[in-house]
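Try each one before you read its solution.

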Amino acid sequence: MHDTASGAARVEWVTMFVRSARLLVCSAFILALSPTLACSSDDGAALATNPDSGAPIERHDPIDGGSDSSAPVDRAKCSDGVMDAAETDVDCGGGCAPCGQCQRCLADADCETTNCADGICGPVKRGYPQLSAERGEIRNLLATVEAGMRCDMDVYVDAVGIVGREMYRFSSKEPRYTTDLLGGGTSVLASDAFYVTRPWTSRYWVARNAKRLETRSANATDVTATDKKGYAAVAETVLAYQLLLDLTLSDEQGLRVDVENDAQPARTKDEVLAHVMALLDDAKANLPGATFDFSLSSGFEGFDTPSTFLKFNRALAARVAAYQKNWPLLLTTLGESFLSLNADLRLGVYMPFTNVPGDARNSLFTAPNGEGDVRVAHPSFATDVATGDDRLLSTVLRSTPASQAGLTSNRDAWRYTSATAPFPIIRNEELVLLYAEARAQLGQFPDAIVAINRIRSVHNVSPYAGAVTPAALLNEILYQRRYSLFLEGHRWVDVRRFGALGTLPVDRPDDDVWSSFPVPKP
């Protein structure tokens, strides 16, 4: 329901992400949106499409190391599937084809969008001739914040999905999907490996930009007081979401909450959750008196005014309350959110992707029956599913099973069915299941069963007929979350917080189930 664009918000979003002046070919559509853009390339070489940021990853970490972009370009290395030579990311930058959004860079020339923002390629900077330079800068910073939320979410979902035994990723060039992430043999998780550094640093990059958005809008001389409240509310909500995502990786190790001070010591998990909730509450306090003089992307359709954005903010607060095991607060925040037992379960806020040149595509999409680099469902996803459950359609049978390193699956992951499929930040189906969880934890079993049966009925499963005990109902909720939120980044987090990591399958004798990722060094 969020795959297509509509309205003025969509036009602004697309405009922010059109390809910059260095493209060899510009479509008439983009020229219509941005008539001031000219089309060119630096050297006449063919320009690559937006590479998969989760592709076989770097020989060097593009965050901490990178390459000398002034070195002579070895064209043969621009398509070898690793980051080497002068490249700033895998097969791009440093004289190779420019990098797509969210890939790493050293200079504007490394990016398709000619916008290297603090080491990561951001969206095209849009001109705002009707606004002051100060307000135009704030608008572009907001675009960077929102676009950046998509950065390396594919790597995050791959990592937690593999560790949580939702899926396998088989790659001809990247063995760590089947070694480190599954604990194969003597392999362990490494703090400098792509599967943790990419999502971790991207979340802090967005968080820093959100903090700067809040500061710059607050100090602006020609932004109204009510608009300042609007910018602050959006910035604090996004900042909270970014910290929460990184905390799901580090768990009990905690993390630092001062996003602009790498030297700050880490806070404990409980302290971070309290900080995240405080950010969301501060944003909530700003929204009643706020105005939005900006447009959000199509992913926020229905949640793009102060009053509706508040419901999104409270939905995120509900997730935090569940992580805190604060069941009364969970019910309170759900009551302030967009939770509805009767509404479309897909209702929610999403990260949009497009095929517009220069914008980002959803790299979690992989075509069925692929070879060499595939995402396949863990075999237990099909063997554990209830009879008639239509959520099995989040996978598709392969014509030939895929195998690697002693692992096999006959089903491709099919949660994201195109490169423009949106990624959910939070949606009504999760809220209904959070409501069931809170009611079950508080011993209010009839209400929990009503919510459970809402999910079951939508997905062609008969009403719940199991035991009416806390353990049985929570096990049922864990099952429903597994299938309803498949490949949305929740399964591993859920089994950990339900104390059920030991129930995850171990597919090879020496495999391990990890409880957290190591924290990357600053």
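Partly exposed means a relative accessible area between the two cut-offs, under 20% being buried and over 50% exposed. Keep in mind that this is a predicted model.

**Exercise 1.** Work out whether Ala-85 is buried, partly exposed or exposed.

Solution. Start with the place: Ala-85 sits in the loop between helix 2 (28–33) and strand 1 (116–117). Its relative accessible area is 38%, so Ala-85 is partly exposed. While you're there, check the backbone: phi of Ala-85 is near 50°, positive even though the residue isn't glycine.

**Exercise 2.** Check the length of helix 3 (residues 133–148), then find how enclosed it is.

Solution. Take 1.5 Å a residue: the 16 residues should span 22 Å, and the end C-alpha atoms are 22 Å apart, which agrees. Next, count burial: 12 of the 16 residues are buried, so helix 3 is largely enclosed by the rest of the structure. Among the buried ones are Arg-139, Asn-140 and Glu-146.

**Exercise 3.** Find the residues with the most contacts inside the largest nonpolar core.

Solution. That core has 131 residues, and the ones to pick are Leu-181, Tyr-195, Phe-312, Leu-330 and Phe-517. Helix 6 (residues 225–250) gives the largest share, 13 residues. Now zoom in on Tyr-195: its contacts include Leu-181 and Phe-517.

Definitions and conventions: Residues numbered from 1 in each chain as written. Predicted model: local features only at pLDDT ≥ 70, side-chain atom pairs only at ≥ 80, totals over all residues. Heavy atoms only, no water. Helix = DSSP H or I, 4+ residues; strand = E, 2+ residues; numbered from the N terminus. Expected span 1.5 Å × (residues − 1). Buried < 20%, exposed > 50% of the residue type's maximum accessible area, 1.4 Å probe, protein only. Core = buried A, V, L, I, M, F, W, Y, C linked by side-chain atoms within 4.5 Å. Contact = heavy atoms within 4.5 Å. Lists of a residue's contacts leave out its neighbours within four places in sequence.
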